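Here are a few friendly notes to read alongside the model. Take them one at a time, and find each residue on screen as you go.

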Amino acid sequence: MKHHNTQSEDMIQINTRPASDSLTGQSKWWGEADMPEWMDYPEVTVTEDGDTWDEPLTFVCQIRCDELATLDTKGLLPHEGMLYFFAALDYFLGDIDTPAYPCMGLWPKDYFRVLYSPSCDDLRTHYVVDEDGEPANLPAENIRFSKCSDSCDGIRLLGVPYIEEVREDMPDSISLLQIDECDRWYLNFHDCGTLNFLITPDDLRAQRWDQTECYLFSF
């Protein structure tokens, strides 16, 4: 089995907790994305019963890169600006009737997005609502970053995927972000699965975020 040689000091664990204050412009999980004016909110084009329309992707998280500087000792990630992750997660959060359902394995490119802004200034909040005008996203949660080992599961940045089958299928990739299931969010990847945003070391160094892949695995 091929296994990318990444040392444990590169792994950054993400722990979240419900927020009581506004997290505008801060690192946060769920909630609403705070993005610069020049950045468009990502959407996926879906077709159902002959009709085609654009559906907003679920905002997963935004990460202030300056908070990672002391943990990212090899400088794999930028240490300034904001990193954003979006994915078509509605089905896995309980909306089983959504037409935006990605496949197992590698996802089509328009079903996820990784975006980066070199600055955290002059951001505007994008509010996504459902057909009743209610917030479509889960409430924002605080993020706490800490070091972790290469073998840990859960939610983390960098390292290799926790699941061996994903490592075997994508041997040359780093797990830019790993998302695990969570009962508190009713997030379920078909029972015992993970979603990995994967990128090669060369593309990561060059900050070619559009070269990121997204891989869903479930036992």
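Predicted model: local features only at pLDDT ≥ 70, side-chain atom pairs only at ≥ 80, totals over all residues.

1. Let's begin with the inside. The largest nonpolar core has 58 residues, and Trp 29, Phe 85, Trp 107, Leu 177, Leu 195 and Phe 197 touch the most other members. A nonpolar core here is a set of buried Ala, Val, Leu, Ile, Met, Phe, Trp, Tyr and Cys residues joined through side-chain atoms within 4.5 Å, and buried means under 20% relative accessible area with a 1.4 Å probe, protein chains only. Strand S7 (residues 82-87) gives this core its largest share, 6 residues; strands are DSSP runs of E, at least two residues, numbered from the N terminus.

2. Now zoom in on Leu 195. Leaving aside neighbours within four places in sequence, Leu 195 has contacts (heavy atoms within 4.5 Å) with residues including Trp 107, Leu 177, Phe 189 and Tyr 215. Another core, of 6 residues, lies apart from the largest one, and Tyr 215 is among its members, as are Ile 163, Val 166 and Leu 198.

3. Residues are numbered from 1 along each chain as its sequence is written, and side-chain values use heavy atoms, leaving out hydrogens and water.

4. How confident is the predictor? The average pLDDT (confidence in each residue, from 0 to 100) is 92, and 95% of the residues score at least 70. Over residues 1-8, however, the pLDDT is below 50, though this stretch has 22 contacts in the model beyond near neighbours in sequence.

Definitions and conventions
pLDDT = per-residue confidence, 0-100. Buried < 20%, exposed > 50% of the residue type's maximum accessible area, 1.4 Å probe, protein only. Helix = DSSP H or I, 4+ residues; strand = E, 2+ residues; numbered from the N terminus.
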